[in-house]
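Please open the structure in your viewer and keep the selection tool at hand.

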Amino acid sequence: MSSAALRLAAAEASDGLLRCPPAEVKGAGPGNLAGVVWRQWRTERALAARGVAFRSTDPAAVEAAYAAMSAEEFDAVNGRQAWANWRTIPASLDMLLPDTPLKAVDLGCGTGGSTAVLAYCLPDGSEVTGVEFAAPLAAVAGGREYPNRAGRCTVRFAVGSVCSPLTDADGRPFADGAVDLVNSSGVIGHHLTGGDLAACLDETARVLRPGGVAALDPGPRLSAGRLTELTTARGLRRVRRTRSNPFDRCGQVVFVRT
Ligand SMILES: C[S@@+](CC[C@H](N)C(=O)[O-])C[C@H]1O[C@@H](n2cnc3c(N)ncnc32)[C@H](O)[C@@H]1O
């Protein structure tokens with residue numbers, strides 16, 4: 001059977017929904033978790049010695065700390081997140097969206113690690129916008145390749161805050177209901193609180209179309225239960241909880257816009 005025929009057969013078997021089983025996808029990401037953890041530990045020590053503290057909820061401090069890292073340092077301190085992304089994001093997306101070109105937004109995309117997972121998994125012809133307020137990281141993200149397993153996705157980056165009106169890469173605000181998928185990996189539950197968190201969730205609810213999906217990360221600053229309360233109050237319905245492994249305390253909670 002040709003690959004086109006195989007894809008058609010798979011689409012028919014899944015009622016035209018995007019299939020994204022983590023077991024088929026994770027091989028495209030970083031392996032060797034022990035090496036990832038070692039590089040992260042070593043780099044965090046070196047950054048601490050330079051006074052670069054990125055585990056904060058003060059937006060100015062977070063932006064300054066991430067902007068002070070080299071791309072290599074960022075990728076090292078984000079290593080476990082990158083490893084987890086290749087397992088969590090596919091599990092979050094599997095069988096929830098149509099297997100047709102989609103518009104996606106990746107909140108707080110850093111150097112494009114989570115964006116790369118989205119670009120790999122989404123249907124051929126999809127458009128992904130990464131939003132990042134640390135301009136040097138967004139510049140690195142803009143210089144990467146984003147392979148897609150089925151064809152090609154367009155990937156662009158907007159420099160800005162995820163707590164302000166979300167825009168495309170040309171600075172045009174997304175219209176209400178213009179987006180099929182909002183993803184957040186290592187951002188909401190790590191860095192946002194109070195009014196910033198509320199503003200980010202308001203924007204997520206605003207840009208999503210009915211039936212659109214939000215895959216959002218709880219974390220050290222935000223429990224999955226509280227994230228669910230805040231999002232359901234904004235017209236989203238919780239559909240599943242995903243994790244990279246049984247010991248993962250963050251992962252994502254997945255919601256559908258009603
Ligand atoms: C842990 S990193 C995760 C990067 C990426 N999502 C990934 O999984 O590889 C968190 C990122 O969120 C960005 N960030 C934090 N708060 C933000 C905000 N209010 N607006 C835009 N970006 C933000 C940081 O600059 C950083 O790049």
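Is Arg55 buried, partly exposed or exposed? Arg55 counts as partly exposed, because its relative accessibility is 49%; buried means under 20% relative accessible area, exposed over 50%, and partly exposed in between (1.4 Å probe, protein chains only).

Before continuing, please note that this is a predicted model, in which local features need pLDDT of at least 70 and side-chain atom pairs count only at pLDDT 80 or more, while totals for chains, interfaces and linings use all residues. Residues are numbered from 1 along each chain as its sequence is written, and side-chain values use heavy atoms, with hydrogens and water left out.

**First stop: salt bridges**

Side chains of opposite charge can pair when their charged atoms come close. A salt bridge is here a side-chain nitrogen of Lys or Arg within 4 Å of a carboxyl oxygen of Asp or Glu. By this rule the structure has 12 salt bridges.

Helices (H or I, at least four residues) and strands (E, at least two) are DSSP runs, numbered from the N terminus. Glu44 has a relative accessibility of 23% and therefore counts as partly exposed.

Next, select Arg50 and Glu73. They too form a salt bridge, and their closest N and O atoms are 2.7 Å apart. Arg50 is in the loop between H3 and H4, and Glu73 is in helix H5 (residues 71-77), 23 residues apart. Arg50 is partly exposed, at 46% relative accessible area, whereas Glu73 counts as buried, at 16%.

Then select Arg172 and Asp168, a salt bridge whose closest N and O atoms are 3.0 Å apart. Asp168 is buried, because its relative accessible area is 15%. Salt bridges that share partners join Arg156, Asp168, Asp170 and Arg172 into one network.

**Second stop: the ligand**

Which residues are the closest? Among the 23 residues that surround the ligand, the closest are Asn78, Asn85, Gly108, Ser114 and Glu132. By class, this shell has 10 nonpolar, 12 polar and 1 charged residues.

Now display the N and O atoms. A nitrogen atom of the ligand is 2.8 Å from an N or O atom in the side chain of Ser114. For Glu132, a side-chain N or O atom is 2.6 Å from an oxygen atom of the ligand. At Val162, a polar backbone atom is 3.0 Å from a ligand nitrogen atom. Taken alone, the ligand exposes 590 Å², and the protein buries 97% of that. Helix H4 (59-67), helix H6 (79-93) and helix H7 (113-121) are the elements that give two or more residues to the shell.

Select helix H10 (residues 194-207). Its buried residues are Leu197, Cys200, Leu201, Glu203, Thr204, Ala205 and Val207.

Finally, select Val182, which is found in strand S4 (residues 179-184). Val182 is buried, with a relative accessible area of 0%. The C-alpha atoms of Val182 and Leu208 are separated by 7.4 Å, although these residues are 26 residues apart along the chain.

Conventions. A residue is near a molecule or strand if one of its heavy atoms lies within 4 Å of it. A polar contact is a pair of N or O atoms within 3.5 Å; within protein, one must be able to donate a hydrogen and the other to accept it, and residues adjacent in sequence count only if both atoms are side-chain atoms. Accessible areas come from the Shrake-Rupley method with a 1.4 Å probe; for residues, only the protein chains shown count as cover. Ala, Val, Leu, Ile, Met, Phe, Trp, Tyr, Cys and Pro count as nonpolar, Asp, Glu, Lys and Arg as charged, and the others, Gly among them, as polar.
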